[in-house]
Amino acid sequence: MPLTLQERQEFLAQPHVAAFSVAAGAGRGPLTVPIWYQYSPGGEAWILTGPQSQKMRYLREAGRFGLMVQQVEPAVRYVSVEGPVTRTTPMTDEMHREMVARYLPPESVDAYLKAAEAYGEQVAVFLRPERWLSADLGNVSEL
């Protein structure tokens, strides 16, 4: 059963690791990799990546990307969102901390941020949700 708009947005706002997908050119399937993302209901989703990364090269060419998140417990549920890139901005320290704090326990954030300095420059890429797919397949242990 499809989720309502509010259910989709609330589910996407939870800290799932997403499957990021972007067109990889003629004769190829999409580039699909796991990624951290940020999203607040009603807003734009955003990811962080290197400005010269393969993801960024494909994003420049395609101008859009998708994210898919799922859970299998307590019920099987997924949300997929796709849309255009609305802007790309340099990552700030505040954005980096916000993203890391979304996924890691508080006591691990500073150590991760210190280690991540080795990754070099990063940019934030924003997506305007345009197309949604979702389903709640229920609690499979009750089937």
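Okay, let me start with Y39, which is buried, with a relative accessible area of 3%. Before I go on, keep in mind that this is a predicted model.

So who does Y39 pair with? Its partner is W132: the ring centres are 6.3 Å apart and the planes sit at 70°, so we call this pair edge-to-face. Y39 is in the loop between β3 (37–38) and β4, while W132 is in strand β8 (residues 131–138), so the pair ties together parts 93 residues apart in sequence. And W132? Buried as well, with a relative accessible area of 19%; the cut-off for buried is under 20%.

Staying with rings for a moment: how many aromatic pairs does the structure hold? Five. One that I'd like you to look at is F20 with F65, a tilted pair, 5.3 Å centre to centre with 40° between the planes. This pair, too, links distant parts of the chain, with F20 in strand β1 (residues 18–22) and F65 in strand β5 (residues 64–71), 45 residues apart. F20 counts as buried at 0% relative accessibility, and F65 counts as buried at 2%. There's also a cluster, in which ring pairs link W36, Y103 and Y112.

The largest pocket has a volume of about 320 Å³. It is lined by 15 residues, and the closest to its centre are W36, L48, Y112, Y119 and Q122. Which elements give two or more residues to the lining? Those are β2 (31–35), β4 (45–49), α3 (93–103) and α4 (106–116). The largest share comes from α3, with three residues.

Now, Q122 takes us over to S53. The C-alpha atoms of those two are separated by 9.4 Å, although S53 and Q122 are 69 residues apart along the chain. S53 has its place in the loop between β4 and α2 (54–62). Is S53 buried or exposed? At 19% relative accessibility, S53 counts as buried. A polar atom of the S53 side chain lies 2.9 Å from the backbone oxygen of G50.

Last thing, the annotation. UniProt, in an unreviewed entry, places "domain: Pyridoxamine 5'-phosphate oxidase N-terminal" at residues 6–114. In the model, that span is 34% helix and 37% strand, and its end C-alpha atoms lie 36 Å apart.

That's what I have, thanks.

Notes: Residues are numbered from 1 along each chain as its sequence is written. This is a predicted model: local features need pLDDT of at least 70, side-chain atom pairs count only at pLDDT 80 or more; totals for chains, interfaces and linings use all residues. Side-chain values use heavy atoms; hydrogens and water are left out. On a 1 Å grid over the protein atoms alone, a cavity is a set of points where a 1.4 Å probe fits but cannot get out, and a pocket is an open set with protein on both sides within 12 Å along at least five of seven lines; lining residues have an atom within 4 Å of a point. Grid points are joined across faces, edges and corners, and a volume is the space filled by probe spheres set on the points. Helices (H or I, at least four residues) and strands (E, at least two) are DSSP runs, numbered from the N terminus. Buried means under 20% relative accessible area, exposed over 50%, partly exposed in between (1.4 Å probe, protein chains only). A polar contact is a pair of N or O atoms within 3.5 Å; within protein, one must be able to donate a hydrogen and the other to accept it, and residues adjacent in sequence count only if both atoms are side-chain atoms. UniProt positions are given in the numbering used here, feature names are shortened, and annotations may be inferred rather than shown by experiment. Rings of Phe, Tyr and Trp (its six-membered ring) pair if their centres lie within 6.5 Å; planes under 30 degrees apart count as stacked, over 60 as edge-to-face and the rest as tilted.
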